Amino acid sequence: MTTIQLTVNGNAIEPTVEPRTHLADVLRDQLDLTGTHLGCEHGVCGACTLLLDGAPARSCITFAVACAGAAITTIEGLDEDEIAAELRTAFAREHALQCGYCTPGMIMSARDLVLRLDDADEQAIRVGLSGNLCRCTGYAGIVRAIRAVIEARRQRGIAAVIGAGRTSLGPVGSHPNTIPTTSPSMPVMTDIKLSSGAAVATLDVPDVIPAKSFDASFTVNAAPEQVFTLFGDARTLAACFPGATITDMPAPDCIEGEIRVAIGPLAAAFRGSARIDRDETNLSGRLIGTGRDQKSRTSTSGQISWRMVPIDDGRKTRVLLTIGYSLSGPLAQIARDGLVRDLASRITTTFAQNCDSYLSGATNQAARDQPQRLNAVGLLLDVALSRLGALVRGLRKP
Ligand code: FES
Ligand code: FES
């Protein structure tokens, strides 16, 4: 259990939570703030939306420990808020609610739209609300209510606030400097020594706290030192990684490039930067990167940590991986954990085969210089077939 400091609706509190406890559970179960509703509990319906450091966030998929130091506003904290009051009146007038289950989350997202949008553009409002599902209303009244509030405020000369007043980018409420690093839930490798401080300063890729993480491993027919060397060669590493392309290397440990992946029914090309940290004393390291897919306006950050374990008297290496990632934006709504894990599992398998091939000398230098292309459609189909197969096997069980 970990004690964290939060400011909830202006009140400083110090709840004690388990690493796996979600923010919504802390609010509802420990603080009786039941205005934050739970619907799907996996980040799709938006019923649990609240403000985390002023930005809308889904509390059902936000670990409470990841919010240490954050300011949280729930629907109860908007009683005196001018925009929320206008929205409540408009929702009632436009019949924008029936059962009301989605309404607290709707108000949270709507308030953000009222703050940010220059005008009451219906398309922009519908896109902005696409992370909040309503089972009852059909949305027409909700959109009318939000449009009315935006129009009324702009007519009164109240301008939109660029970025809703937020001044920093990145996952809301993550507060990496205030998170207790002893928490067992945090996949942060604090003992890694940077092999090139100058390189890190050049690209300034920040540390990330992944929202989700899982472990994977594979075996390579080479000694741990050889595999560790390969993992420190950014160009070879990228060539082994399906879908990755390096566009620039401002320093030996810093990469700028692109990675193409397929998540659910959509393919994405994340462009961004990454850095590699290595620790030769225990043959471990990590790659930390951030990127953005312009087409879907989805951002991601992630960290792949590795450690080489000798097996077979050091003739082979078991590579232990911890893969962590955070997604924010439209793709985050369809990237279910299971789908991402299946995808990662197939990428890891291909990556392992490529590493093996390079280390055994089966891949020549010319091929090494060619970026590996991930057949996104094929991989997606593979994932889909695999999941369908699992479903059919499940149905066949007596
Ligand atoms: S309960 Fe959090 S998104 Fe549905
Ligand atoms: S009003 Fe019932 S779910 Fe939206």
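Predicted model: local features only at pLDDT ≥ 70, side-chain atom pairs only at ≥ 80, totals over all residues.
When neighbours within four places in sequence are left aside, Ile146 is in contact with Ala110, Leu113, Val114 and Ile125. In soluble globular proteins, nonpolar side chains tend to be buried together.

Helix 2, spanning residues 82–93, packs with helix 5, spanning residues 140–155. The angle between the two is about 135°, and their axes are 8 Å apart. Helix 2 and helix 5 are therefore classed as oblique to each other, since angles count as roughly antiparallel only when over 145 degrees and as roughly perpendicular from 65 to 115. The crossing of helix 2 past helix 5 is right-handed. On the side of helix 2, the contact is formed by Glu86, Leu87, Ala90 and Phe91, while helix 5 provides Ala145, Ala148 and Val149. By class, the residues of this contact are six nonpolar, no polar and one charged.

Two residues other than glycine were found with positive phi values. For Asp32, phi is near 60°, and the residue is located in the loop between helix 1 and strand 5. Asp32 is exposed because 9 other C-beta atoms lie within 10 Å, the limit for an exposed residue being 12 or fewer. For His95, phi is near 55°, and this residue belongs to the loop between helix 2 and helix 3. With 13 other C-beta atoms within 10 Å, His95 is partly exposed.

Thr236 is part of helix 8, which covers residues 234–240. Thr236 has 19 C-beta neighbours inside 10 Å and therefore counts as partly exposed, a residue being buried if 20 or more such atoms are present. Although Thr236 and Cys355 are 119 residues apart along the chain, a separation of 8.7 Å is found between their C-alpha atoms.

Technical notes: Residues numbered from 1 in each chain as written. Chains lettered and ligands numbered in written order. Helix = DSSP H or I, 4+ residues; strand = E, 2+ residues; numbered from the N terminus. Axes fitted to C-alpha atoms, helices over the stretch in contact; angles between N-to-C directions. Parallel < 35°, antiparallel > 145°, perpendicular 65-115°, else oblique. Left-handed = near helix turned anticlockwise from the far one by under 90°. Contact = placed C-beta atoms within 7 Å. Nonpolar A, V, L, I, M, F, W, Y, C, P; charged D, E, K, R; others polar.
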